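Please look over the sequence and the three-dimensional model shown here before reading on. The report that follows takes up one region at a time.

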Amino acid sequence: MATFCQLQKWMIVGNHYKISKFLGQGSMGAVYQAQDVNFEGYNRLVAIKLLPKELRQEEGREQYFKREFLTSQELVHQNICCTYEFGEDTNLLTYYLVMEFVSGKTLREHIRQKSYFNVVDALPVIEQIAKGIDYAHGRGIVHLDMKPDNIMVSDRKEAKIMDFGLSRVININMTHVSIRDFEGTPLYMSPEQINPNVARKRVNYLTDCWALGVIVYEMLAGYPPFDGRMGITPLMQSIMHAEPEKPPIPNNAWEAILKQLSKNPKDRFVNCTQFYQALAGLPIVQVEPPKNPEITEEIIVDTSFGDVIF
């Protein structure tokens with residue numbers, strides 16, 4: 001178990017971030033609310049993520065933080081959480097990532113509280129998530145770890161996508177993503193991500209589209225479409241071969257979810273906005289898929305289930 005920096009109120013990180021309170025923690029760091037005391041004469045509220053001390057020495061962990069910062073710098077959109085700074089605090093012996101502070105709850109918390117158990121309530125949030133994902137894809141960036149924990153819903157009902165640490169950039173000279181094992185959270189991984197029999201898995205933006213299908217199913221049903229309680233191997237088999245059971249939702253929404261959860265990526269909606277349109281019963285606007293091909297890179301293994309509901 002990683003030991004996270006236990007910071008007290010009013011401690012200073014990076015010379016000018018004054019800790020206000022602890023917000024939570026995940027596998028990659030503890031998150032605090034802080035005040036940026038040097039921001040143009042007033043104390044701007046920020047969220048600051050700290051890498052655990054022992055993870056600092058693990059290969060790839062610093063790169064995770066750096067990648068999240070650099071990727072987010074390319075994405076300026078109302079439905080994507082802004083990042084402001086990546087740095088190292090030599091006094092605390094840790095790396096830190098400074099992000100926009102969003103007053104609200106994660107989508108995971110809303111699912112626990114059954115906030116979106118009908119399509120009408122869920123649609124505004126789904127539309128915003130779809131816009132954020134499509135914006136990233138349009139700039140050649142695949143998130144690769146879309147899940148309710150990585151989506152904030154503000155007090156003003158604004159959805160914000162977070163945590164681009166696993167993301168990959170697609171460019172015209174690359175051909176595919178090579179995934180050595182697993183990267184992401186298994187419950188939300190697509191068949192092409194999770195298949196252990198494919199030596200070089202071909203993954204592109206459609207893997208994020210699959211993940212949104214899983215998220216929407218969970219929002220409406222209260223539980224994920226594939227059961228992970230029996231362990232990773234049965235879960236993998238379900239994702240690759242089984243069809244999810246229909247929850248009590250309207251038929252048009254169910255048909256849209258089934259299409260988005262197609263085992264063959266080519267059978268899914270071209271983008272996430274089309275998925276939203278189908279859920280909302282709107283005309284599907286035909287668009288060209290992103291012009292970027294698939295991508296190739298050896299990447300970090302992460303087989304944790306994360307904080308999930310079964």
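## A loop between two helices

Gln113 lies in the loop between helix H2 (107-112) and helix H3 (119-138), where helices (H or I, at least four residues) and strands (E, at least two) are DSSP runs, numbered from the N terminus. Gln113 is partly exposed, with a relative accessible area of 45%; in this scheme buried means under 20% relative accessible area, exposed over 50%, and partly exposed in between, with a 1.4 Å probe and protein chains only. Although 109 residues separate Gln113 from Gly222 in sequence, the two are 9.1 Å apart in space, C-alpha to C-alpha.

## How the model is described

This is a predicted model, in which local features need pLDDT of at least 70 and side-chain atom pairs count only at pLDDT 80 or more, while totals for chains, interfaces and linings use all residues. Residues are numbered from 1 along each chain as its sequence is written, and side-chain values use heavy atoms, with hydrogens and water left out.

The secondary structure of the protein comes to 8 helices and 11 strands, and 56% of its 310 residues count as buried.

## Strand E4 and its partners

Strand E4 (residues 44-50) has 6 of its 7 residues buried, so it is largely enclosed by the rest of the structure. Strand E3 (residues 29-36) is joined to E4 by 7 bridges, and the two run antiparallel; strands are said to pair if DSSP finds at least two bridges between them. Asp36 stands opposite Arg44 in E4.

E4 also pairs with strand E6 (residues 94-100), in the antiparallel sense and over 5 bridges, and here the bridge partner of Ile48 is Val98 in E6.

## A sheet of three strands

Another group of strands forms an open sheet of 3 strands in the order E7-E9-E10, with antiparallel pairing. Strand E7 (104-106) and strand E10 (159-161) stand at the edges with a single partner strand each, so one side of each is left without a neighbour in the sheet. From one strand to the next the twist averages 25°; angles run from 0 to 180 degrees between N-to-C directions, and axes are lines fitted to C-alpha atoms, for helices over the stretch in contact.

E7 is joined to strand E9 (residues 151-154) by 3 antiparallel bridges, and Gly104 has Ser154 in E9 as its bridge partner. H3 packs on the sheet, touching E9 and E10, and its direction makes about 30° with that of E10; contact means heavy atoms within 4.5 Å.

## The nonpolar cores

The largest nonpolar core has 59 residues, a core being a set of buried Ala, Val, Leu, Ile, Met, Phe, Trp, Tyr and Cys residues joined through side-chain atoms within 4.5 Å. Helix H5 (residues 206-221) gives the most to this core, with 12 residues. Among the residues with the most contacts inside the core is Ile129, which touches Leu107, Met146, Ile151, Ala159, Ile161 and Leu212, not counting residues up to four places away in sequence. Apart from this core lies another, of 13 residues, among them Tyr17, Ala30, Tyr32 and Leu92.

## Two helices packed together

Helix H7 (residues 251-260) and helix H8 (residues 272-280) pack at an angle of about 160°, with their axes 8 Å apart. The two helices are therefore roughly antiparallel to each other, a description used for angles over 145 degrees, with angles under 35 counting as roughly parallel, 65 to 115 as roughly perpendicular and the rest as oblique. The residues that make the contact include Ala256 and Ile257 of H7 and Phe275 and Leu279 of H8.
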